[in-house]
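Here is a short note for your first look at this model. Keep the structure open as you read, and find each residue as it comes up.

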Amino acid sequence: MLNHRVTLIVVLLSVVGALGFGLKTWRERSRVYELVLASGSQTGEYYAFSEAFAAVVEQNHPHIRIEVIATEGSADNMTRLRDNTAQLALVQSDTPVERPVRAIARLFPEMFHLLVRQDANIQTVGDLRDRRIALMPEGSGSYALFWPLVEHYNLSEADFQALPQAPETAYESLLAGDVDALFRVITLGNPSMKAVLQNDAIALLAIDQVEALQLALPYLEAQTIPKGTYDGGRPLPRQDLPVVGVNALLVIHENLPDEVAHALTETLYTHRNELVSRYPRAALIRLPSSGNDLGLPLHPGAQAFYDRDQPEFIVEYAEPIGLLISVSVLLASSLWQFRIWLKGRQKNRADYYNIELLDLIDQINQTPNAETLEDLRQQLFKMLRDVVSDLDNDLISADSFESFTFPWEIALNSLRYQEATLLKRLPSTDVPTHQP
């Protein structure tokens, strides 16, 4: 009888334990995570990307809901993460990072844009002395990057009049002649930047001395604003324009569960096409093959995603494999340098196509008649032929071609949608006979 009682107690305890574990698992799976994403100004690229990212995350991971809030920029975002009033944020790679902040992914490059009035006779950064300069709001990444830049050219705050302003106000001040120059760090193809540069009174300056700048500012990278980025017809700029830049990073509070960080990282990769459809400039995002080159600690959930395809033997034999790779790199250094040069050339050419394609999408969405749409169709397919030809001639890489196909398909679908919209507006006797 005693043995039966002991057995019954063991069974009951096992059932209770199993039920408890099952209830805990069910609660974890059914929990909805409400997150706040600190972005930037509502007219900036950070905010536009964040809105698209939040929508795609919620669509594919219903247990994660993201509220996007406008902020003053990177420094403000870091403060919000530290205070846990935000759990996600976009920041520039130059922003000092410390706990509780952890990285998720590197997103798109952001270029230094120095706009000047033609009548101000400003040819270099050093010519900003005694000038009025519109800056982005204090607390923004653009504002923070301006000061070490001018310091390199032996300029201090006393040498000019700095006027921090909201982005749209800054653009208006430059066009009105209330300031002589404007500085902003932003990704390529921004519509507001493009609109300002259409004015013949405004010029975009090169920023050189990259290697010297990197001695004090190692997070800066040499970048190029491709010829025709802001107007292909004129073009603007007239030739490839050397500048410097930083990278936009997606960061997260370290206390968020691994599964949430994993889902956010996975969204950037697996659902990239959906992201591009909502935010076309996401086609310029260069996602790293691993998280090891972000320059700051990864969240364990993000690290797990980056390591998802690593075979176990690589982890076990990491040291000898690393030694073998190091020796191989040293022996093949000349070939490696050539490869880096070739990749850089391919990347610049691919970026030009993507920027041109984004401009084409804008034209399609604003076209009011079928004749212009037909011209845009011809341009779209000519661009595809050019890209395929460049791929065959190794002028762009296979990865760049794959990135190009996403926005190209979006452009084609936009064109078809615009054609269908125009057809609905025409009387039946006026319907064109063109077959797509």
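1. Start with a cut-off. Buried means under 20% relative accessible area, exposed means over 50%, and partly exposed lies in between. Lys194 has 25% relative accessibility, so Lys194 counts as partly exposed. Remember that this is a predicted model.

2. Now look at the partner of Lys194. Its side chain meets that of Asp359 in a salt bridge, 2.0 Å from N to O. Asp359 sits in helix H13 (residues 333-366) and Lys194 in helix H6 (residues 191-197), so the pair ties together parts 165 residues apart in sequence. Asp359 is partly exposed too, at 23% relative accessibility.

3. The salt bridge count comes to twelve. Another one joins the side chains of Asp159 and Arg129, at 3.2 Å from N to O. Asp159 lies in the loop between helix H4 (141-152) and strand E6 (161-164), and Arg129 in the loop between strand E4 (101-117) and strand E5 (132-135), so this pair links parts 30 residues apart in sequence. Asp159 is buried at 18%, whereas Arg129 is partly exposed at 35%.

4. Arg377 and Glu374 form a salt bridge through their side chains, 3.6 Å from N to O. Both lie in helix H14 (residues 370-392), three residues apart, about one turn of the helix. Arg377 is buried, with a relative accessible area of 8%. Glu374 is partly exposed at 24%. Elsewhere, salt bridges with shared partners join Arg99, Arg102 and Glu254 into one network.

5. Is Thr265 buried or exposed? Thr265 is buried, at 0% relative accessibility. Thr265 belongs to helix H8 (residues 258-270). Leaving aside residues up to four places away in sequence, Thr265 touches Ile104, Ala302, Phe305 and Tyr306.

Methods. Residues numbered from 1 in each chain as written. Predicted model: local features only at pLDDT ≥ 70, side-chain atom pairs only at ≥ 80, totals over all residues. Heavy atoms only, no water. Helix = DSSP H or I, 4+ residues; strand = E, 2+ residues; numbered from the N terminus. Buried < 20%, exposed > 50% of the residue type's maximum accessible area, 1.4 Å probe, protein only. Contact = heavy atoms within 4.5 Å. Salt bridge = Lys/Arg side-chain N within 4 Å of Asp/Glu carboxyl O.
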